[in-house]
Amino acid sequence: MTVLMNALICIGTFFFMEGVAWFTHKFIMHGLLWKVHADHHKKDHDSFFERNDFFFLLFAVPGITLMFFGALDGFNDIRFWIGTGIALYGFCYFFVHDLFIHQRFPVLRQTESTYLRGLRKAHKIHHKHLGKFEGECFGMLWVPRKYFMEARNSRKK
């Protein structure tokens, strides 16, 4: 495959993962596996780690597996580039969700970025709902436009 095709597969997988994350968050985390995800919605934590961190493995294992077996064919296998797209999404998820939004490590506490402020606002709205149902804003990188507009308008004041 060509370099361009590999890049397109990787980028396409990255964007596809937003849909997978949204679906998983809405129907698996707030559904069948709520008991694993519930501690993430509690305001007080007695540990740095949460049961919710298990979901990292749910996404990491397929990406790493695809990268490993795809690399056996000299990085020209579609599996490698799909796995790379999954891994890149996972890195962005970790950076945006765990570092920026939840401040598990103190980075980017203040930002002027309308995009990042919109993501943070949407996630705060998601966490207003402490229960399994009635949630909103299940996405991570793509959230309703109104939160970006609110972030932009609050900067102008």
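Select helices α3 and α4 in this predicted model: α3 passes α4 in a left-handed crossing. With α3 spanning residues 54–71, the two axes come within 7 Å and cross at roughly 150 degrees. Angles over 145 degrees count as roughly antiparallel, and α3 and α4 are therefore roughly antiparallel to each other.

Next, display the side chains where these helices meet. On α3, select Phe59, Gly63, Leu66, Met67, Phe69, Gly70 and Ala71. Their counterparts on α4 are Arg79, Phe80, Ile82, Gly83, Thr84, Ile86 and Ala87. Coloured by class, the contact of α3 with α4 shows nine nonpolar, four polar and one charged residues.

To see the contact, select Val96, His97, Phe100 and Ile101 of α4 together with Leu116, Leu119, Arg120 and His123 of α5. By class, the contact of α4 with α5 comprises five nonpolar, two polar and one charged residues.

Now centre the view on Val96. Which residues does Val96 contact, once neighbours within four places in sequence are set aside? They are Ile101, Leu119, Met140 and Leu141.

As general background, nonpolar side chains in soluble globular proteins tend to be buried together.

Finally, move to the loop between α5 and α6 and select Pro144. Is Pro144 buried, partly exposed or exposed? The relative accessibility of Pro144 is 39%, so this residue counts as partly exposed. To finish, draw a distance between the C-alpha atoms of Pro144 and Gly118. The separation is 8.9 Å, although the two residues are 26 residues apart along the chain.

Conventions:
Residues numbered from 1 in each chain as written. Predicted model: local features only at pLDDT ≥ 70, side-chain atom pairs only at ≥ 80, totals over all residues. Heavy atoms only, no water. Contact = heavy atoms within 4.5 Å. Axes fitted to C-alpha atoms, helices over the stretch in contact; angles between N-to-C directions. Helix = DSSP H or I, 4+ residues; strand = E, 2+ residues; numbered from the N terminus. Parallel < 35°, antiparallel > 145°, perpendicular 65-115°, else oblique. Left-handed = near helix turned anticlockwise from the far one by under 90°. Nonpolar A, V, L, I, M, F, W, Y, C, P; charged D, E, K, R; others polar. Buried < 20%, exposed > 50% of the residue type's maximum accessible area, 1.4 Å probe, protein only.
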